[in-house]
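Here is a short report to read with the model open beside you. Take it one heading at a time and find each piece as it comes up.

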Amino acid sequence: MVDNIESEPNTVLRVSDLGVDFDVRGQSITVLSNVCFSLERGETLGIIGESGCGKSMTALALLRMVPSPPGKISSGEVLLNGEDLLKVSKQQMSRLRGKEISMIFQEPMTSLNPVYTVGNQLVETIQQHLPVSHAKAQEQAIELLRSVQIPAPEQRIKEYPHQLSGGMRQRVMIAMALVCDPKVLIADEPTTALDVTIQAQIFDLLKEIQERNKTSIILITHDFGAVSSMADRVIVMYAGYKIEEGTLDEIRNNPLHPYTQGLLRSMLEIKPDSSGFRETLPEIPGTVPDLRNRQPGCPFGPRCTKATAKCLEMPPNFDLGAKRSVMCWLADKDDTG
Amino acid sequence: MTQHVETSSLLEVEDLKVHFRLKRENWFAEPSIVHAVDGVSFDIQRGQTLGLVGESGCGNTTTGRVLLGLVQSNGGQILFDGTDLSSVSTEDMFPLRERMQIIFQDPYSALNPRQTAGEIVMDPLVVHKVGSVKERQERVEELFALVGLRKNQQALYPHQFSGGQRQRICIARALALNPQFIVCDEPVSALDVAIQAQILNLLCRLQDELNLTYLFISHDLAVIQHICDEVAVMYLGVIVEKADRKSLFENPRHPYTRALLSAVLTSSSGDKVERIRLQGDIPNPINKPSGCRFRTRCAYSQEICSQVEPTLEEKSPGHWEACHFETQE
């Protein structure tokens, strides 16, 4: 208990029982159910999963940006420093967005407005949140661009997004997200659209920012390599459920859920001894289930090689202590079979 | 390795150049020219796979397209099974296309949304007037089975398939005319990891069964290492290093290759490894740097690098590199 009280003040974000439904042609589709996690100050949490597993939806739900209609946050609590983001007013929310919690999107080109200069957009964001003059905001914008290592920021600030390279644009997005030193930074596939050498630069930058400001980062990605180089803890998602959670080492070295195991096995890596030439890669048979017509029981059941009769029943989230959990009957200690 | 010694090359590319003219800034200005591919040479042995690695804008996709005549070349020679493709007319190119096909990166935009999967796969047979209607139908069924799609999926439209299945349709279409050579332009980069494994397994299996020759274009070194016999690394329109798979990955020479390898994130990359970090972005291909193209981002760049462009030389048997210096540790 003592331990619990001591770790509590460090928790920046606590999400519990988060659920999102989409209403499509009169049919209600659950795209996210019962997602729980917490985030500590200065910590990086990686959320990993295939496309359509609900990882981006989690991020949007945290910021209350789920497209509505058709989407709707159906349940849950998002406590940011003790304040429930799902309960505050819309005005209050737009103040918090960008100030306390902010987001970097996957596609820097589509997230920036092509008809305004980079400076214009940065100044607008700054003035939205801080009571400063235009000239002062301009100065701050240059400072921000410098802090994300953009060379010659005085010139760059006058340029339009199309004049910047992909890596530069992502830096501008990061600068924009950092305007108010947010406590939580959500990075949704921040490097997927970028080249490997640029990706490495962006990750270095994020780490440096985190060290400087003690920012907590939620990194959403499908690339386990990215998670490995950034995250302290990892959440694995599948079909809208959090199916496993643990520290990076636990997930990497001792994955418990058959899906996590399969995902890690099918991942290709560079081998220093260049072994494994054209070897058949382990596959996860089948495809992600159709969310429109979910079958009862474990969502991974139909693709799972270890499935038993029990898997026709929905497994609960087995809490293994120390923020380690897995949603699979295999982890059921009371099970005599 | 030794079993391949006697194979002959299916494709020989010599000093290939592709230049794009940009719109003039004004009426009197000289049009700027993008040197997308600027003197690239390689050959691919029958039944083997050449990997072309590079970041976006380095010219690897253009190289793949120019081989099929989808882009006009501005110089150099492409010998496909003895025929020089750069000199054949459009009419003569048509029958040759039966023997060379391409699989595109994005299976979402490479399929016509208004055609069924069956029609898409049958299209090449119709265009090239192969077989009767019944024979074509049989061939489509055969192809569906070959790439692991069900027969009853022929009547479905592309949007009813997942990304991996769509890529299977693209592969079936590419195989329809029994080609010898396939350009795989980032065939797995738009897919999820688990699906990526399925498609790579399929490509390997098909290559063995049908004795296909691949040009495999990718930015993902792990995929390249998995599937390619030989690897060429491109930077800003030129090949900077070329070697067989083993020596390239175990003993990379060019500073760019080494930076690329160390930038790849692996599951163990959280452990502190000394990484080579490249500064800045790829330079603009319109105003490429003088001398060595990589010098603006190279940690070892010296005076000579800005004056003389290094040529691709055989530094050790079978290992080619374009750099003025010996490998630096």
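## First, some ground rules

A residue is called buried if 20 or more other C-beta atoms lie within 10 Å of its own, exposed if 12 or fewer do, and partly exposed in between, with C-beta atoms placed from the backbone. Helices (H or I, at least four residues) and strands (E, at least two) are DSSP runs, numbered from the N terminus.

This is a predicted model, where local features need pLDDT of at least 70 and side-chain atom pairs count only at pLDDT 80 or more, while totals for chains, interfaces and linings use all residues. Residues are numbered from 1 along each chain as its sequence is written, and chains are lettered from A and ligands numbered from 1 in the order in which they are written.

## A hidden strand in chain A

Let's start with β3 of chain A, residues 44–48: five of its five residues are buried, so the strand is largely enclosed by the rest of the structure. A:Thr44, A:Gly46 and A:Ile48 point one way, A:Leu45 and A:Ile47 point the other way, and all are buried.

What does this strand pair with? Two strands pair if DSSP finds at least two bridges between them. β3(A) runs parallel to β8 (residues 216–221) of chain A, joined by five bridges, and there A:Ile48 sits opposite A:Thr221. β3(A) also runs parallel to β9 (residues 233–238) of chain A, this time with four bridges; A:Gly46 has A:Val234 as its bridge partner in β9(A).

## An open sheet in chain A

Chain A also has an open sheet of four strands, in the order β2-β1-β4-β5, with antiparallel pairing. Its edge strands are β2 (27–40) and β5 (83–84), each pairing on one side only.

Elsewhere in that order, β1 (residues 11–24) and β4 (residues 71–80) of chain A run antiparallel, with eight bridges between them. Look for A:Asp21, whose bridge partner in β4(A) is A:Lys72.

## Chain B as a whole

Over in chain B you can count ten helices and twelve strands. Its radius of gyration (taken over C-alpha atoms) is 21 Å, close to the 20 Å that the globule rule (2.2 Å times the number of residues to the power 0.38) gives for 329 residues, so chain B is as compact as a globular protein of that length. The C-alpha trace of chain B spans about 70 × 55 × 45 Å along its principal axes, and buried residues make up 45% of its 329 residues.

Helix α1 (residues 60–67) of chain B is mostly covered, with eight of its eight residues buried; B:Asn60 and B:Arg65 are among them. Just after α1(B), B:Gly69 takes a positive phi of about 75 degrees.

## The core and the contact

A nonpolar core is a set of buried Ala, Val, Leu, Ile, Met, Phe, Trp, Tyr and Cys residues joined through C-beta atoms within 7 Å. The largest one has 186 residues, and A:Ile218, B:Leu215 and B:Phe216 have the most contacts inside it. Two residues are in contact if their C-beta atoms, placed from the backbone, lie within 7 Å. Leaving aside neighbours within four places in sequence, B:Leu215 is in contact with residues including B:Ile44, B:Gly64 and B:Leu67.

How many residues does each chain bring to the contact between them? Chain B gives 37 and chain A gives 38. On the chain B side, α6(B) gives the most, with seven residues.
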